[in-house]
Each structure stands twice: as structure tokens, then as C-alpha cells.
Amino acid sequence: MNTLLYFAFWAGLFFVMMRFGCGAHVMGHGHHGHSGNNSGPAGGWTPPTRDIDPVCGMNVETNTAKSSVYSGRVYYFCSAEHRDTFEAAPERYLGKQARALATEHRHA
Ligand SMILES: [Zn+2]
């Protein structure tokens, strides 16, 4: 007899929980910290749609590009040749980027 009332009660409770429970937490405050290092297997890492080929500096589409994983990060390349070039000496291309950034902010 009271099935409808019972259902309504739970539906209402569910709604309140969604509204003021988890939902409020997710939408309320988000600390957007771009830490840069995505170390940690947990958490949904989604590949970017575009990335820079570290060998030639070209902007490549990740779904068509050749990819390689180096020190926990995925790198994308315009061609298999550039991927091979990178894999032969990854620190050469990554080191070059790091050094360029470091010298940029140095005066005299
Ligand atoms: Zn390339």
C-alpha cells in the first residue's frame, strides 16, 4: 500500500544526498594546482589531444602520432623515425628543453 510513499522517501533522500553530499563537494571548491608531475597510478590520466614532438618541436595529434613512454610520461612524435631518434637518446631532447628554460631566466 505505502510502496509509492516509500519510494518517494528514498528518492527524496537520494536527491538530497546528491545535491548536498558528494555533488556539493565536487562542484564547490576545486584546487586547480598544475603540479606538472603526474606521478601516481591512481587518478584518471587522459592523454592530451595534441602534444609537442620533442625531437622537431612539431605540434602533433596524439591519436595519430607515434607514442613512447619515458620516465613515466608519454611523448608523441610526428613519425616513427623521430620516435626512434628520441628513444636512442631521450635525455638529449628533454635536457635541451630544461636547459633552455633555465638559461632564459638568468641575467648576466
Ligand atoms: Zn618530429
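The legends below describe close-up views of a predicted model.

Residues are numbered from 1 along each chain as its sequence is written, and side-chain values use heavy atoms, with hydrogens and water left out. Because the model is predicted, local features need a pLDDT of at least 70 and side-chain atom pairs count only at pLDDT 80 or more, whereas totals for chains, interfaces and linings use all residues.

**View 1. Confidence along the protein, given as pLDDT (the predictor's confidence in each residue, from 0 to 100).** The protein averages a pLDDT of 78, and 66% of the residues score at least 70. Confidence is highest in helix 2, at 97, and lowest in helix 3 (residues 90–104), at a mean of 69. Helices (H or I, at least four residues) and strands (E, at least two) are DSSP runs numbered from the N terminus.

**View 2. The zinc ion and its protein donors, D53 (OD), C56 (SG), C78 (SG) and H82 (ND1).** These donors lie 1.8 to 2.3 Å from the zinc ion, a donor being an N, O or S atom within 2.8 Å of the metal (3.2 Å for Na, K and Ca), and water is not among the atoms, so sites may look incomplete. The angles among the 4 donor atoms run from 99 to 122 degrees and the site is tetrahedral, a label given to four donors if all angles lie between 85 and 135 degrees. Along the chain the donors follow the spacing D-x2-C-x21-C-x3-H. D53, in the loop between strand 1 (50–52) and strand 2 (59–61), and C78, in the loop between strand 4 and helix 2 (80–88), are 25 residues apart, and the pair links distant parts of the chain. D53 is buried, with a relative accessible area of 0%, while C78 counts as partly exposed at 32%; buried means under 20%, exposed over 50% and partly exposed in between (1.4 Å probe, protein chains only).

**View 3. The hairpin of strand 3 and strand 4.** Strand 3 (residues 66–70) pairs with strand 4 in the antiparallel sense over 5 bridges, where pairing requires that DSSP finds at least two bridges between the strands. K66 stands opposite F77 in strand 4. There are 2 residues between the two strands, and S71 in the turn has a positive phi of about 45 degrees. Strand 4 (residues 73–77) is mostly covered, with 4 of its 5 residues buried.

View 4. T62 counts as buried at 13% relative accessibility. Leaving aside neighbours within four places in sequence, T62 is in contact (heavy atoms within 4.5 Å) with P48, T49, R50, D51 and Y76.

Note on methods: Tetrahedral: all angles 85-135°; square planar, octahedral: opposite > 155°, others 65-115°.
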